[in-house]
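I set out to record the fold, the overall dimensions and the nonpolar core of this chain. The entries below follow the order in which I looked things up.

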Amino acid sequence: MPKIFEGLLDHWTAAVEVKDPAALVSLVTDDCIFLAPNAPPIRGRVAVEQLYRNLFARYDLSQAFRFEETQLMGDWAFAWGIDDITMTPVGGGDAVHFAGHGMSILRRGPDETWRFARGINNATRKA
């Protein structure tokens, strides 16, 4: 797997572990769009930050990705694979587990930094 993917995944996982929405926002493009099942598109950094602030206030998250394929094409790249997340209520209660496939499209910016630009997943709740 190309280093750009490994590095981004490492940074994303670390930011989720310490509940740092600002760090997550630094990993997405200004015009990012993420598509989740049964939800409207999440558009832009402000929406991503608000989503994670709300999630972090309510849940401890454990999120893991395993890419099955990665491709580089100039200033664009894509990857698809397994997306797995467990959400444990902060106040106690049963954890909720979601898993499925996802695809990420990355873009290299003028600063030469790779960021997530688009994403879609079909994660569903698991028993």
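I began with the secondary structure of this predicted model. I found 3 helices and 7 strands in the chain. Reading from the N terminus, I noted the order α-α-β-β-α-β-β-β-β-β.

I next turned to dimensions. The C-alpha trace spans about 45 × 25 × 25 Å along its principal axes. The radius of gyration is 14 Å, which agrees with the value near 14 Å for a compact globule of 127 residues. Among contacts with a separation of 6 or more, I found that 52% join residues 24 or more positions apart.

I then looked up surface and charge. The accessible surface is about 7,400 Å², and carbon and sulfur atoms hold 55% of that area. Of the 127 residues, 34% count as buried. I counted 13 positive and 16 negative charges, whose mean positions lie 5 Å apart.

In soluble globular proteins, nonpolar side chains tend to be buried together. Here the largest nonpolar core has 26 residues, and those touching the most other members are Trp-12, Leu-24, Tyr-52, Leu-61, Leu-106 and Phe-116. Elements contributing two or more residues to this core include helices H1 (3-17), H2 (21-25) and H3 (44-58), as well as strands S1 (28-35), S3 (59-73), S4 (76-89) and S6 (114-121). H1 gives the most, with 6 residues.

Which residues is Tyr-52 in contact with, leaving aside its neighbours within four places in sequence? I listed Trp-12, Pro-21, Leu-24, Leu-61 and Gln-63.

Definitions and conventions
Residues numbered from 1 in each chain as written. Predicted model: local features only at pLDDT ≥ 70, side-chain atom pairs only at ≥ 80, totals over all residues. Heavy atoms only, no water. Helix = DSSP H or I, 4+ residues; strand = E, 2+ residues; numbered from the N terminus. Rg over C-alpha atoms; globule rule 2.2 N^0.38 Å. Buried < 20%, exposed > 50% of the residue type's maximum accessible area, 1.4 Å probe, protein only. Contact = heavy atoms within 4.5 Å. Areas by Shrake-Rupley, 256 points an atom, 1.4 Å probe, with all protein chains shown as cover. Lys, Arg positive; Asp, Glu negative; His and termini not counted. Charge placed at Lys NZ, Arg CZ, Asp CG, Glu CD. Core = buried A, V, L, I, M, F, W, Y, C linked by side-chain atoms within 4.5 Å.
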